[in-house]
Amino acid sequence: MADHIHHDETLNPHARGYQEDRIHVGPIALFTVGLTAVVVIVFVAIAFLMNRFNQAQERLADRRPAIFALEDDDLYPGPRLQEKPSRDMEVMRREVNERLDSYGWVDRDSGVAHIPIDRALSLILKEGLPTRASEPEGASE
């Protein structure tokens, strides 16, 4: 029986006493060089496209109607509703936050005051929402 077993040393690395180097460096190096070339080409193409897009955007900005150039004070020196909208928004938010975080009178004569929002929320959680007195049944009919 043992005579029928084919002892091919080329198929069994243990029969040869060493393992053949099966890593072929040539194709791996070629793939690495190719991949690097493709990455470089893609980067160059993206840089080229970004440059073209920037140029196109500049051309469009030059052709844009003047109404969109409101930032230019020399172009439209007339009166504006808001000189600095971002500054006005910041001032408004600061005033609202100050009011939400402080005590004060809304109408002193009628005894209506405002309290900080955190205090108001804690009072509502503690005492519940104010309710109206229920109407007697049949009053709405």
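Colleague: Which backbone atom lies 3.1 Å from a polar atom of the side chain of H114?

Modeller: It is the backbone oxygen of S102, and the pair counts as a polar contact, meaning N or O atoms within 3.5 Å, where within protein one must be able to donate a hydrogen and the other to accept it, and residues adjacent in sequence count only if both atoms are side-chain atoms. Bear in mind that this is a predicted model, in which local features need pLDDT of at least 70 and side-chain atom pairs count only at pLDDT 80 or more, while totals for chains, interfaces and linings use all residues. Residues are numbered from 1 along each chain as its sequence is written, and side-chain values use heavy atoms, with hydrogens and water left out.

Colleague: Is H114 buried or exposed?

Modeller: H114 is buried, at a relative accessible area of 15%; buried means under 20%, exposed over 50% and partly exposed in between, with a 1.4 Å probe and protein chains only.

Colleague: And what does H114 touch?

Modeller: Leaving out residues up to four places away in sequence, H114 touches R99, S102, Y103, G104, W105 and V106, where contact means heavy atoms within 4.5 Å. H114 itself sits in strand β2, residues 112–114, with helices (H or I, at least four residues) and strands (E, at least two) taken as DSSP runs numbered from the N terminus.

Colleague: Where does L100 lie, and what does L100 touch?

Modeller: L100 is in helix α3, residues 85–100, and touches I115, P116 and I117, again not counting residues up to four places away in sequence. L100 and I117 are 17 residues apart in sequence, yet their C-alpha atoms are 5.5 Å apart in space. L100 is partly exposed, with a relative accessible area of 38%.

Colleague: Changing topic, which residues make the nonpolar surface patch?

Modeller: V38, V42, I46, F48, L49, M50 and F53 make a patch of about 670 Å²; patch residues have over 30% relative accessible area and no salt bridge, with nonpolar side chains (Val, Leu, Ile, Met, Phe, Trp, Tyr) joined within 5 Å and like charges within 9 Å. A salt bridge here is a side-chain nitrogen of Lys or Arg within 4 Å of a carboxyl oxygen of Asp or Glu.

Colleague: What about the whole chain?

Modeller: The chain has 4 helices and 2 strands, in the order α-α-α-β-β-α, and buried residues make up 3% of its 141 residues. Among contacts between residues at least 6 apart in sequence, 0% join residues at least 24 apart.

Notes
Areas by Shrake-Rupley, 256 points an atom, 1.4 Å probe, with all protein chains shown as cover.
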